[in-house]
Each structure stands twice: as C-alpha cells, then as structure tokens.
Amino acid sequence: MNGARPLIDRTGEQITGADPGLSVWVSANAGTGKTRVLVDRLTRLLLSGAPAQRILCLTFTKAAAAEMENRLNDHLGAWTTMNDTDLARELTALMGRVSEDDDLRKARRLFAETLETPGGLNIRTIHGFCESLLGRFPLESGLAPHFSVIDERTAAELLAEALDKVLVHTSSEEKGSLTEALKTLSGLVDEEGFSQVIKGLDANRGRLARMINRHGGLKNLLTATRSALGLTDDDDAENIAAGILNDCDQDGLYRAVEALDEGTGTDVDRAGVIRAWIEGDGDKSVFDNLYAPLFLTKKGEPRKTLITKSALKNYPEAETILVAEQGRVLAAKEKLKAISVVEASEAMLRLGTEMLRYYKYLKDA
C-alpha cells in the first residue's frame, strides 16, 4: 500500500499491559517499550470513552511527562489525517481485536477533544501532583496558605547559608559540643565530602526528626546508638586501649616473650614490641600502630602465625598465650571501630541538627 504507515509490532504482553480494564505493573529494562505501553494505555482509555480531564498520569521527571504528552499528541494527530485502511490496521494492532467503524470515528475526534480539554492532558510529575494537593489543602497539611516551593538552586543556596551560620557560630566558641563535632568531622571528610554529608541529612531530615522524637531527644538517641553497638557512655578509645593493657595476662605474655627471644629475627622483633607494650602506659597510638598489628593483618583479620616453631621448642604453651591475647586484641579493635562509628555519628548529628534548624528558619522566613 503506497504511503502506508509501518505498523508498530506489539507483543501479547504489551497489548495486555495497555488494556485499561486491567490493573498492571510493568517492569522492564530501558528502551524496551515501557513508555509506548503507557501511551497505548492512554489512547485505549480515550477510545473507550474516558474523558481526558478525568485521566491522571504521573511520572518521575518533567522530561518523562513531556515525552509522554508529545508521543500521545503525535499518535492522535496522525490519526486525524490517516486513511481508513491504515487507521483500521493501526487500531486493530493497538486493541488486539478487529477495529470497527465506530472506533475509527472516535479515533479521528480524539486529537481535537484533547486540545479542547481545560488545562490539557493531565500528565504530571509526582512532585507536581503532591504540590497541587498541598496547595489545595494547606491548613490540613500544616502549611501556610499561598506557600511556594523553592527550586533546587534556591534550596542549595539556603543550605549553604545555614551551614555558614553554623560554622561562624562554632568558630566563635572556644570549647563546646559543636566545636568538638566540627573537629571530628573535619578529620574524617574534606569540604566536598562534608557538603555531601549535610545534603544527605537534609534529604532525610524527616526521618531524622522522627527518630529524635521517638527517643525523646538527641541525647537519648546517641545513648541508644551506643547501646546498639555494645558501648556504654563511659567507653572511649583511650579507655579501651588502656583496658587491654590493664587486663592482660602479664605473666603469660612475659613467658611468651622469653620464647620469642629464642626464635627467629621476626620472633625477636615481636618480643620487643610486646615487652614495650607491657611496660608502657597503654597509649592508643602505640596499640593501633605497633601492638595490634602483631596479631591482626591490615584487613583486621587474625594472623595465622604468631610464633615460629623454633621459638616453641622449649615453650610450647607460648602459642596458647598469644592466641588468647590475639582474641582480646581483636575484640578491642571491634570495640574501637564501634566507638569511631559512634563518635562520627554523634558529630554529624550534633552539627547537622543545628544546621537543619537554621535551614528551617531561613526557609520559613
């Protein structure tokens, strides 16, 4: 047929998915025809007699909404000028049944009907739809009438201003919880990373507020966090390291040192580190950088060899002593990790909640 439009191939599943009489959930990879199925579903709704103003189509992005509207208009516009044979073939492929004369008459009228629909086709983003609901019921939503929604750029500017206010306030303190929180975070992330942390808090500020309220305040939330990680309010990094020294089996470790001194050069080096640790003051940096690496790998896993066979010849019990100490060191390292998580979380929450408080003030203003 000269000038005939090529038919769009549709699978049985796509025809079923476009049936407006069914409730359908479509899941497929990009480029496989999900948008086309949705356009087909809209056109079949219109062909079945559904008023255009009663149809609501929601998408995630404005680009997707525009794409939907453009495709639908292209379809309906083409139908107005298509000859009867081509239109009948297209409607038959679309509906999965033989089209009738009444279907053709309806199809040719749809383009004009949608153009005459007040406000046009109701294809919107989820955010836009929610904003319209809030605009219709502001008091019920706890909002001021005639509120406006700030765009992403303005939100970013207000967030940066709120952060600047918190940092200025913090820098004026000689000592305080916010100052300590800033010191902790600045040692963990750079400026860009810090900005991402703050954006993450802002994106989850509703969940954060509910969590704080559920625990009866920020202090109780931080206590609950410590408890969840097996820590008490008195646990800190220095106490953990000192506890490893104070609670160790010094007599047993001295016997292990004697065994190591009679082993290889590696054994002798281990003996020197253990002896220095026992006779030291439990400094955390010594524990992290010298003592713990004797027992654990860089990945924090237990070392398979703590003493060579030559060193065990006259002191077979030395291996048992060192393995027991390895278990204590591993437990201490896990506890130190938990403390690092708590300290970072506490710093982030203290600084973040103060920043969000300023941010809310700026938005309300």
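Thr43 lies in helix 2, which spans residues 34-47; helices here are DSSP runs of H or I with at least four residues, numbered from the N terminus. The model is predicted, so local features are reported only at pLDDT of at least 70 and side-chain atom pairs only at pLDDT 80 or more, while totals for chains, interfaces and linings use all residues. Residues are numbered from 1 along each chain as its sequence is written, and side-chain values use heavy atoms, with hydrogens and water left out.

Leaving aside residues up to four places away in sequence, Thr43 touches Leu72, Leu76, Trp79, Leu94 and Leu110, where contact means heavy atoms within 4.5 Å.

Two helix pairs are worth a visit next. Helix 7 (residues 152-171) packs against helix 8 (residues 177-186) at an angle of about 110°, with the axes 9 Å apart. Axes are lines fitted to C-alpha atoms, for helices over the stretch in contact, and angles run from 0 to 180 degrees between N-to-C directions. Helix 7 is therefore roughly perpendicular to helix 8 (65 to 115 degrees; under 35 is roughly parallel, over 145 roughly antiparallel and the rest oblique). Leu167, His169 and Thr170 of helix 7 meet Leu178, Thr179 and Leu182 of helix 8. By class, this contact of helix 7 with helix 8 holds three nonpolar, three polar and no charged residues (Ala, Val, Leu, Ile, Met, Phe, Trp, Tyr, Cys and Pro count as nonpolar, Asp, Glu, Lys and Arg as charged, and the others, Gly among them, as polar).

Helix 13 (residues 250-261) and helix 17 (residues 318-364) pack at about 125°, with their axes 9 Å apart, which means that helix 13 is oblique to helix 17. On helix 13 the contact involves Gly252, Leu253, Arg255, Ala256 and Ala259, and on helix 17 Ala318, Ile321, Leu322 and Glu325. Six nonpolar, one polar and two charged residues make up the contact of helix 13 with helix 17.

As for the cysteines, a search of the whole structure returned zero disulfides (pairs of cysteine sulfur atoms within 2.5 Å).
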